[in-house]
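Here's a quick briefing to read alongside the model. We'll go through salt bridges, helix packing and a few surface spots.

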Amino acid sequence: MFDLIVKGGTLPDGSVSDIAITGDRIVATGRVEGEAREVIDATGDLVSPPFVDPHFHMDATLSYGLPRVNASGTLFEGIALWGELREVATVEDMVARALTYCDWAASMGLLAIRTHVDTTPHHLRTVEAMLEVKRLVAGYIDLQLVAFPQDGLYRTATGRENVIRALDMGVDVVGGIPHFERTMEEGADSMRDLCRIAAERGLRIDVHCDETDEPMSRHVETLAREVTRHGLGGRAAGSHLTSMHSMDNYYVSKLLPLIAESGMTAIPNPLINITLQGRHDTYPKRRGLTRVKEMQAHGITVGWGQDCVMDPWYSLGTADMLDVAFMGLHVAQMTHPEEMARCFRMVTEDNARIVGLEGYGLKKGATASLVILDAGNPTEALRLRAERLVVISKGKVISRRKRNDARLDLPGRPGRVRRRL
């Protein structure tokens, strides 16, 4: 007697399989015989491992308009607004907003999130709040926290001290923002320092790196070198990397092999970077996205990140990683069938690899977390931003949704429209 069987679903690779679940584990796949306490018919629907977001800011989420709207729409005004808000936001405020966002995420099959937590304020209420959220959602969402010195490691008197304090409190990942230090030299020094801290503590590192239109912001070069020096490999990630869209092509021809050699990963955030970048351009206006396909061609693991939802930097968002991949597909011009399928993998398998998620996938022995989508394949899921019909987290059904077919009243035409082919 199984606890749950998902029958006849189409997996992302196109195969059709049953999935049997006992407790919080997948115990059988393929053609499964036997009874279960519940059987879910997924015939004709896509069954996917859960969505994973490798880059988010949960301490600021759902705070749009506080203390006021970002009128210029720029990154720097957003940072200034958040700087005001974090001084007055209580632990209770941040926990409540984050839990609401996690409700959204659960309903969308987003079951693993890496969130950067601002360690700039010496009170560290941000860290206290996110550690509490991590505890509260542990039963259904894997939440990974990054110690993120938003105003710079060296730019504030206690910047470095607070990163260490946050790590000692139980934060999982080392973070940084070298392009926001006072000088290029201090930015490079921060990369050396933070990689050393990560190596000494045996932790992962994820750096906001070169999130700027300035082509001479080249901290990713130092990051890659230090990752290689300390053997961090895939435990290191460079997020955003938007300056690469403005860099000289000859220089990039040297940079990409250096990144590939290090083994580090990359996390562009298409919804946010296409919104924030290029604000000082007239025309031609830069697209605000790093060189995704070029990095992938060099064997670098690249995953799409959400970054923000309704906060000082971004006024929209629904916790839907298919929205993120859909925008990324367009901006990166990844429209070949293989590229579109890759975009789906970037918000599932590739992101799981970036954050080091254990037990991930639809194989025997894996954690029993999966999503049933109203789509026939990954590309159709992207095209439709498909409804999540069922979300299962760690063996339990945590969300259900009815098909949202439209009803037509047109002479000679079908009475129901699903937009699936």
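E33 and R31 pair up through their side chains in a salt bridge, at 3.0 Å from N to O; the term covers a side-chain nitrogen of Lys or Arg within 4 Å of a carboxyl oxygen of Asp or Glu. Bear in mind that this is a predicted model, where local features need pLDDT of at least 70, side-chain atom pairs count only at pLDDT 80 or more, and totals for chains, interfaces and linings use all residues. Residues are numbered from 1 along each chain as its sequence is written, and side-chain values use heavy atoms, with hydrogens and water left out.

**Salt bridges**

- A search of the whole structure turns up 34 salt bridges.
- Is E33 buried or exposed? E33 is exposed, at 57% relative accessibility, and R31 is exposed too, at 73%. For these labels, buried means under 20% relative accessible area, exposed means over 50%, and partly exposed is in between (1.4 Å probe, protein chains only).
- D45 and R403 make another salt bridge, with their closest N and O atoms 2.6 Å apart. D45 sits in the loop between β4 (36-41) and β5 (46-48), and R403 in the loop between β15 (396-400) and β16 (406-407), so this pair ties together parts 358 residues apart in sequence. Helices (H or I, at least four residues) and strands (E, at least two) are DSSP runs, numbered from the N terminus.
- D45 is buried, at 2% relative accessibility, while R403 is partly exposed, at 36%.
- D374 and R420 also meet through their side chains in a salt bridge (2.8 Å, N to O). This one links distant parts of the chain: D374 is in the loop between β13 (370-373) and α13 (378-384), R420 is in the segment after β17, and the two are 46 residues apart.
- D374 counts as buried at 7% relative accessibility, and R420 as partly exposed at 22%.
- Which residues end up in one network? Salt bridges with shared partners join D45, D374, E380, R383, R403, D405, R416, R418 and R420.

**Helix packing**

- Two packed helices are described by the angle between their axes and the distance between the axes. Axes here are lines fitted to C-alpha atoms, for helices over the stretch in contact, and angles run from 0 to 180 degrees between N-to-C directions.
- Helix α6 (residues 219-230) packs on helix α7 (residues 249-262) at about 30°, with the axes 8 Å apart. That makes α6 roughly parallel to α7. As for cut-offs, under 35 degrees is roughly parallel, over 145 roughly antiparallel, 65 to 115 roughly perpendicular, and the rest oblique.
- The α6 and α7 crossing is left-handed, meaning the near helix is turned anticlockwise from the far one by less than a right angle; clockwise would be right-handed.
- Helix α2 (residues 91-107) and helix α3 (residues 125-137) pack at about 40°, with axes 9 Å apart. They're therefore oblique to each other, and α2 passes α3 in a right-handed crossing.

**Surface spots**

- L408, L410 and V417 form a nonpolar surface patch with about 220 Å² of accessible area together. Patches are built from residues with over 30% relative accessible area and no salt bridge, joining like charges within 9 Å and nonpolar side chains (Val, Leu, Ile, Met, Phe, Trp, Tyr) within 5 Å. Areas come from the Shrake-Rupley method with a 1.4 Å probe; for residues, only the protein chains shown count as cover.
- V417 belongs to strand β17 (residues 416-417) and is partly exposed, at 31%.
- E294 is in helix α9 (residues 292-297) and is partly exposed, at 39%.
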